[in-house]
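Dear colleague,

I am passing on the structure below, followed by notes on what was found in it. Please read the notes with the model open beside them.

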Amino acid sequence: MQTGNPVLRNKDFGVVAGERMTMDGTVGKTAILFVLLLIAAGWTWTRFNGVLAEAGPQAALASVAPFLWGGLLIGFGLALVTVFKSAWSHVTAPLYAMAEGFAIGGLSAFFELRHPGIVVQAVGLTFGVLVMMLFLYRTRVLRVTEKFRFGIVAATGAIALLYLVDIGLRLFGGISMPFIHEGGVAGIGFSLLVVGLAALNLTLDFDAIERSVAQGAPKVMEWYGAFSLMVTLIWLYLEILRLLAKSRR
């Protein structure tokens, strides 16, 4: 039950007595989290555009900055709590979706200001990739074997380590890895690689959730499975947003 998504863990999906996890229940919980994320993102987006019309770009960015950074930090904290206390996921997962919604709304508004129309493209591509990967998984065009799973997990870990090194260099050395942030062939190629990796992680998540249902995981794991899928979707959206921004530059 290993996946590229670090929040999906085998020990959390053990068989227990009582109500069991179902696929319909997980889909429903995912929809709830998505709606909460959209509501929070829409609120931040509306605030940004309202201030933009009245006071200009700088004031608009300043008005959503607390929601952007607060959402990121609180969302990260809630994600950690959910990972280590999966039984609380029915509470922490909705809070996580809302926190990330505030952050994504502010970040999306920032990208939209610099590159008009980019958010609609990113949202459309994210849903397109989700549908495509679900189709490939359900038709077994992509089969989640042990070797496939190991490769995606290893590659995801390598990307995460690379991002951590880049953050450290920017914080303490004042430098950054150009192919992560800049455009050009190398930058766009790197973003394409990461987007592809995030897409493949979706198939691992589908597989882990499907097997959890088959093994009779506890009912609360519907929230946990929905949360883990949201983590991958948010990552995919942000990487697509970065890719589109690089291509426009």
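Arg 248 counts as partly exposed because its relative accessibility is 35%, where partly exposed lies between buried, under 20% relative accessible area, and exposed, over 50% (1.4 Å probe, protein chains only). This is a predicted model, in which local features need pLDDT of at least 70 and side-chain atom pairs count only at pLDDT 80 or more, while totals for chains, interfaces and linings use all residues. Residues are numbered from 1 along each chain as its sequence is written, and side-chain values use heavy atoms, with hydrogens and water left out.

Leaving aside residues up to four places away in sequence, Arg 248 touches His 115, Pro 116, Gly 117, Ile 118 and Gln 121, contact meaning heavy atoms within 4.5 Å. With the side chain of Gln 121, the side chain of Arg 248 makes a polar contact at 3.2 Å (a pair of N or O atoms within 3.5 Å; within protein, one must be able to donate a hydrogen and the other to accept it, and residues adjacent in sequence count only if both atoms are side-chain atoms). Gly 183, 65 residues from Arg 248 in sequence, is 8.4 Å away in space, C-alpha to C-alpha.

Arg 248 lies in helix α8 (residues 221-248), helices being DSSP runs of H or I with at least four residues, numbered from the N terminus.

Technical notes
Helices (H or I, at least four residues) and strands (E, at least two) are DSSP runs, numbered from the N terminus.
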